Amino acid sequence: MATTDLKLEDCGSLPKPGPIGRLVRIGFGFLCLYYVFALWGTRQDLITEAGTIRQLVWNGIVPGLILVSYVINIGFSRAWKKWPAIVSTAIVLAVAGTGYALTGSLDTPLLAHTIHAWELYVFSHLGLAFVLAATLGTPGCEMRAFHHLYSLITGKLTKEHHCPIGPLSSIDRWEATRLG
């Protein structure tokens, strides 16, 4: 089971991704950014003619809640465990409850804009990190790509992190043994 624990490794302790790992990262990055651009395109029209929140906005809520703790903890070197997901859930529920109390409906513009803004952040951060990790060949988790870039620019070593979920760590280990 994947854990949100922050387990930073010394620089150079994880294998750099090979061509397949980089292709997978760029693919995940483009998927995330495709979703971000779709969300951005609906920013003025989040409620349908029937008065419901657009399905596109709801599509990212579960994956976003699964990923937000990794994005925050690994991306910002924080050891907040599941708190980013808990706080995100609490905010969405509070906004939904407020909207329901005021209008008698969960499908309010306030809830739509709250989820929309939150998803734009989560998937933009993740998508850009994937693309940057693929470009730079960042070892381990893509969420360390911004730190890796900083390291390359300044010459100051930064820590690495294994990919806690998904196939990337397995692909990187397989490529490292295969390519020597």
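Me: Why is Trp-83 called exposed?

Reply: This is a predicted model, in which local features need pLDDT of at least 70, side-chain atom pairs count only at pLDDT 80 or more, and totals for chains, interfaces and linings use all residues. Residues are numbered from 1 along each chain as its sequence is written, and side-chain values use heavy atoms, without hydrogens and water. Exposed means over 50% relative accessible area, buried under 20%, and partly exposed in between, with a 1.4 Å probe and protein chains only. Trp-83 has a relative accessible area of 54%, and is therefore exposed.

Me: Where in the secondary structure is Trp-83 found?

Reply: Trp-83 lies in helix H4, residues 83-103. Helices are DSSP runs of H or I with at least four residues, strands are runs of E with at least two, and both are numbered from the N terminus. The protein chain has seven helices and two strands, in the order β-α-α-α-α-α-α-β-α from the N terminus.

Me: What makes up the nonpolar patch on the surface?

Reply: The patch is formed by Trp-80, Trp-83, Ile-86, Val-87 and Ile-91, which together have about 530 Å² of accessible area, by the Shrake-Rupley method with a 1.4 Å probe, only the protein chains shown counting as cover for residues. Patch residues have over 30% relative accessible area and no salt bridge, and nonpolar side chains (Val, Leu, Ile, Met, Phe, Trp, Tyr) are joined within 5 Å, like charges within 9 Å. A salt bridge is a side-chain nitrogen of Lys or Arg within 4 Å of a carboxyl oxygen of Asp or Glu.

Me: How many residues does the protein chain have, and what share is buried?

Reply: Of the 180 residues in the protein chain, 42% are buried.
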